[in-house]
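Colleague: Before I use any of these labels, I would like each one set against its definition. Shall we go through them in turn?

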Amino acid sequence: MSKLFAYDNPIWVFMGKVADVMILSFFWFIFSLPIITIGASTSALFYTTLKLVENREGYLFKTFLKGFKESFGQSTVIWIMLGIIGGIISYSLYQYQRIGSQMALTLTWSLIVIAFIYLLFFSVIFALVARLSTGIPNLFMMTFMVCMKHFSWVLFMAVALVCMIAAAVFVFWPLLIITPGAVAYLNSAILVKFVFPKYGWNLKTLDKPDEYASEDETPDDSSSEISEASGENDTVEE
C-alpha cells in the first residue's frame, strides 16, 4: 500500500507530467497574448519541455521565464520572418483557389508543397533556438539539415502538431488547455531521444566523459557535417 503513494510511483509520475504540461500550456497562452511574443514563448516552452524530458526542469515558472528572456530577441525575429512567410503562403493559396484556372491549380499544388516544408521547419526551429546558442543564419541552416537527416521523425512531429490542433479546434475544444504543452513535450521527447544525441546536443551528454556515454548519446560523424555547414562552433544552452 505504501508503494501506491510513493513519489516515484509510475502513476503519480505520469500525473505529474500531465500537470506540468497543463501549467506550461497556460504559461504559453499568457506569454503569447501580445502575438508578437509567440516566438519567444514557444522557445521558452521548448526550453522547459526539453529539460522536463531530461528531468532537469526545476521550478517550471523560473525555467520558462529564463528561456523566454534568453531567447526573446532571436525568437521574435524568427517569428516575424516565419509569420510573414506563412502569411504570404496563406494569402497566395486563397487567391489561387479563387482563380480556378489550370495555371492557378499548378501553383496551388506548388504552394502546398512549400507549406509542407514550412510546417516541418516550424516544428523544429524553436526547439533549436531553445537548446543552442548560435546565430539566426546558422539556426536556419541547422534546422534545414535536421529536417532532411531526420525526415521521418520531423514528419511525425509535424503531423502530431496538426492533429492535436485539429482535434482541439474541431472535435473537443478543452484539449486546447493542454495542446501547446503536450505537443512541445512529445516533440522534445523525440528530439532528446532520437535527434540531439547524434550531435551532442543533450545536456546529460555534457555531464559524463565520452568513455561512459552510452552509444545512443555519443555524437556520430554527421554532427561534424552540421558544424561545418554552420561555419562556427555552436554551444548548448543549459
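Colleague: In which helix is the place of Leu 60?

Modeller: Leu 60 has its place in helix α3, where helices are DSSP runs of H or I with at least four residues, strands are runs of E with at least two, and both are numbered from the N terminus. The model is a predicted one, in which local features need pLDDT of at least 70 and side-chain atom pairs count only at pLDDT 80 or more, whereas totals for chains, interfaces and linings use all residues. Residues are numbered from 1 along each chain as its sequence is written, and side-chain values use heavy atoms, with hydrogens and water left out.

Colleague: Why do Ile 35 and Asn 55 count as exposed?

Modeller: Ile 35 reaches 51% relative accessibility and therefore counts as exposed, and Asn 55, at 60%, counts as exposed too. Ile 35 belongs to the loop between α1 and α2, while Asn 55 is found in the loop between α2 and α3. Neither is a glycine, yet Ile 35 has a positive phi of about 70° and Asn 55 has one of about 55°.

Colleague: Why is α2 called roughly perpendicular to α4?

Modeller: Two packed helices are described by the angle between their axes and the distance between the axes. Here the axes are lines fitted to C-alpha atoms over the stretch in contact, and angles run from 0 to 180 degrees between N-to-C directions. Helix α2 (residues 38–53) and helix α4 (residues 102–131) have axes that come within 8 Å and cross at roughly 70°. That angle makes α2 roughly perpendicular to α4, since 65 to 115 degrees counts as roughly perpendicular, under 35 as roughly parallel, over 145 as roughly antiparallel and the rest as oblique.

Colleague: What is the handedness of the crossing in which α2 passes α4, and which residues in α2 and α4 meet?

Modeller: The crossing is right-handed, a term for a near helix turned clockwise from the far one by less than a right angle, with anticlockwise giving left-handed. Gly 39, Thr 42, Ser 43, Phe 46, Tyr 47, Leu 50 and Lys 51 of α2 meet Ser 123, Phe 126, Ala 127, Val 129, Ala 130 and Arg 131 of α4. By class, this contact has 7 nonpolar, 4 polar and 2 charged residues, where Ala, Val, Leu, Ile, Met, Phe, Trp, Tyr, Cys and Pro count as nonpolar, Asp, Glu, Lys and Arg as charged, and the others, Gly among them, as polar.

Colleague: How do you know that Thr 42 counts as buried?

Modeller: The relative accessibility of Thr 42 is 10%, and so it counts as buried. Beyond residues up to four places away in sequence, Thr 42 touches Trp 28 and Phe 126.

Colleague: What makes α4 oblique to α5?

Modeller: The two helices pack at an angle of about 125°, with their axes 9 Å apart, and that angle is why α4 is oblique to α5. Their crossing is right-handed. Leu 120, Phe 121, Val 124, Ile 125, Leu 128 and Val 129 in α4 meet residues in α5 that include Leu 139, Phe 140, Met 142 and Val 146.

Colleague: How many residues has the largest nonpolar core?

Modeller: It has 43 residues, and those with the most contacts inside it are Leu 128, Val 146 and Trp 201. Among the elements that give two or more residues to this core are α1 (10–31), α3 (60–99) and α7 (179–195), while α4 gives the most, with 9 residues. The term nonpolar core stands for a set of buried Ala, Val, Leu, Ile, Met, Phe, Trp, Tyr and Cys residues joined through side-chain atoms within 4.5 Å.

Colleague: How many helices and strands are there in the protein chain?

Modeller: The chain has 8 helices and 2 strands, and buried residues make up 42% of its 238 residues.

Conventions. Contact means heavy atoms within 4.5 Å. Buried means under 20% relative accessible area, exposed over 50%, partly exposed in between (1.4 Å probe, protein chains only).
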